[in-house]
Structure formats: structure tokens, C-alpha cells
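I opened a new page for this one and went looking around the ligand. Here are my notes, in the order I took them.

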Amino acid sequence: MIVLGIETSCDETSVAIIEQKKTNDFGHVLAENTLSQIKKHSKFGGIVPELASREHENTLNLLTKKTIKEAKINLKKIDAFAATTGPGLLGGLLIGSNYAKTLSLVNNKPFISVNHLQGHILVSRMKKKINFPFLSLLLSGGHTQLLVAKDYNKYEIIGETLDDALGEAFDKTAKSLDYGYPGGPIIEKLASEEKSSNFFKLPKPLINSKNLDFSFSGLKTSIRRITEKPLNKSLKSKLANEFQECVTDILLTKSEKAIKMIKKKMKLNTFVLAGGVASNKFIREKFSSLCNKYSIEFFVPEKKLCVDNAIMIAWAGIERLNKYKKSDSFDKHPKPRWSLENL
Ligand code: KG4
Ligand code: ZN
């Protein structure tokens, strides 16, 4: 089976073609192209939805043609067309999904509607045998969720952020320090330049609460206050380092609670880290140690597959088509908000 996937939910236009030779086999990437719009948005200090839509519209057709050419296949060989239909920015979702629907109509092949968050989580299964159920921590620019993946389309959210997502907290911290967007990689680099231990005394909201929810907005306020006075480079690095350690400590504490809770209910074999923030080396290493402590297999996709990409959308399309066996209705309209519990 060969599936073409399209991702346009935020500021990346991405197209990928994946082949699965037999059901239950791994996926092979035949070609993939991602165009980042970061440079266009960075001067505004965040993503401008209207600008994002226009960029997707300008580039998607060319990028798709280029990807098909690089995959060295004829369009007729593609068995289905998958696109992100939510959550995300409505303009981008409309452009990507309408383009996939058109390809599906013209070529008389199924259209597959993919939830972006499901793509982030399922891509771990593309190159590794990971059986359901597994525990996952999804860390992206818009979501922070602890969940149990029970099947390809069945998820139970057991904890989530009550305010800002973790990626957003990284982005806002970088902005407070006068750096650009996206903030995650900038903070990670700054943090590696200076060690610090509790110099700024950052708060760890909800760390001792009984539930598995997160809150990062208080941390954002503390950082904004600290950065009201200009900081030299060394202090900026110290703050970045303490921010990274602080949020990692919160993530580890909640995830450890989740592991203990789930282990009481079912056999837990695997923990999957997913989403853009999962490309952070410090966080990856700490989670590897946590899982070691509980003898659970730890898996995080390669960095390129943690941040937004169409490979994960094409792969989720393959998983859906394998189980669901038919096209999604063209009446499946994009949903800017779409929970993993309502697939
Ligand atoms: O999953 P993603 O690519 O897009 C969304 O679905 O939101 O995640 C983007 C988020 C951004 O907030 C970005 O700052 C963060 O992931 N990010 C990182 C790193 N790379 C990207 N955060 C921490 N460390 C990184 N290395
Ligand atoms: Zn994403």
C-alpha cells in the first residue's frame, strides 16, 4: 500500500509518500518534503494565520509534484490520499484537506482524514513494533497530554495542561529573553551553555497535586518578571537551563505517577514520547532513565519525526486504511479543535 500524506495544520507545508509492503509491516518513506515558514513569521514573533494559509496555498501543489517525482512513482500507484483535518489553524487545514480530497476524487482513491495528534503518536509504530496499549506523553506547541493509547483510534487522556502547552512555554520563554521563534531549540542550546542550580527559584506549579494535570502559565509569569530587568548572556543561559530543568522535573514527576497508576491496572510495556518538544535531548535522556527505573521500554521517534511532518500523517493514514478499509466521507470537514478522545 502506498499513501500520500499532507500536513498543513500550522506553519509547515509538508508532503510525504510512504509504502507498506504488507499489512503489519513497517513503513518505508519513498519521498518527503517539508517547507518551513518560520522565516516569514519570525518577524511577527509568532504565527500569523492568514500568512500561513497563503504560504500553504502557494507551495502545496509544487511540493506535491516534487515529492511524487522524487518517489519515482506514477500518481496512479498511490492507493490513498491522507491529510490533517485537525486540530490546527482552519485556513491551513482547509487547503490541505481540500487538496487531498481533490486528488482522491480525480484518481478515484480513498481520502483519509487524519488527526494531527494521532499522527504524532502513531509515527512511533512506523519503524518499531509497539503494541497497544502503551502510555504516551504528547508535548507539542498546542498540546501537553498524558494518555493511554488503547488502539490506533482509541485514546484515554489521563492528564493534560490546564493552560499553556509546554511548547508554548518554551516559545514564550525565548521571547521574554529576546530570542526568536520557535523557542524550543533556542532554549535547549542556551541551556547547554551554562549550568545553574535554583538561582532564580522558579515555581513548579501543580507538581505535588494528586492528579496528572499540568500548568505552565505561572512559570511564564515568573519568567516575564525576571526578564523585566535586562539579563546578560550568562544569566540568560542560567535561566534557560533552570527553565528546562524545572519543566522536565514536572513532566517526570507526573509521568512517574502515571506509570505507577497504570501499572496497577494493566501490564505496561512501553512509554512513547511524542511531539515537537520531544526532540529536546535533555528531556529525551531523562525519560529514558525514568523508563529504565520501571523496566518499561522507552521510545521516542528521531527528532525529524517529532516536529511537524507529513510522514506521520501518511503513516497514520496507512494505519487507518488497514483497519477502517474505506474512504472517509468528503463531509469530514476540518476541525480546528479535535480531541483524541473523539476520533
Ligand atoms: O509538534 P510541533 O512541531 O507542532 C505542533 O503540533 O504544535 O511542536 C512545536 C513546538 C514548538 O513550541 C517548539 O518550540 C517546540 O515544539 N520544540 C522544542 C524543541 N524543538 C521544537 N521544544 C524544546 N526543545 C526542542 N529542541
Ligand atoms: Zn504537531
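I began with aspartate 308, where a backbone N or O atom lies 3.0 Å from an oxygen atom of ligand 1. A reminder to myself: this is a predicted model.

How much of ligand 1 does the protein cover? I found 90% of the 560 Å² of accessible area that the ligand has on its own.

I then looked for other backbone contacts. Glycine 184 places a backbone N or O atom 3.0 Å from an oxygen of ligand 1, and for glycine 276 I also read 3.0 Å from a backbone N or O atom to a ligand oxygen.

Next I listed the neighbours. There are 21 residues around ligand 1, and Gly141, Asp171, Gly184, Glu188 and Gly276 are the closest. By type, I noted 12 polar, 6 nonpolar and 3 charged residues in this shell.

Which helices supply at least two shell residues each? My entry reads α4 (116-122), α5 (166-176) and α6 (183-191). The largest share, 4 residues, belongs to α6.

Last, I turned to helix α8 (residues 233-265). With 33 residues at 1.5 Å a residue, it should span 48 Å, and its end C-alpha atoms are 48 Å apart, which agrees. At the start of α8, I saw that a side-chain oxygen of asparagine 232 comes within 3.2 Å of the backbone nitrogen of serine 234.

Definitions and conventions
Residues numbered from 1 in each chain as written. Chains lettered and ligands numbered in written order. Predicted model: local features only at pLDDT ≥ 70, side-chain atom pairs only at ≥ 80, totals over all residues. Heavy atoms only, no water. Near = heavy atom within 4 Å. Polar contact = N/O pair within 3.5 Å; in protein donor to acceptor, adjacent residues only side chain to side chain. Areas by Shrake-Rupley, 256 points an atom, 1.4 Å probe, with all protein chains shown as cover. Nonpolar A, V, L, I, M, F, W, Y, C, P; charged D, E, K, R; others polar. Expected span 1.5 Å × (residues − 1).
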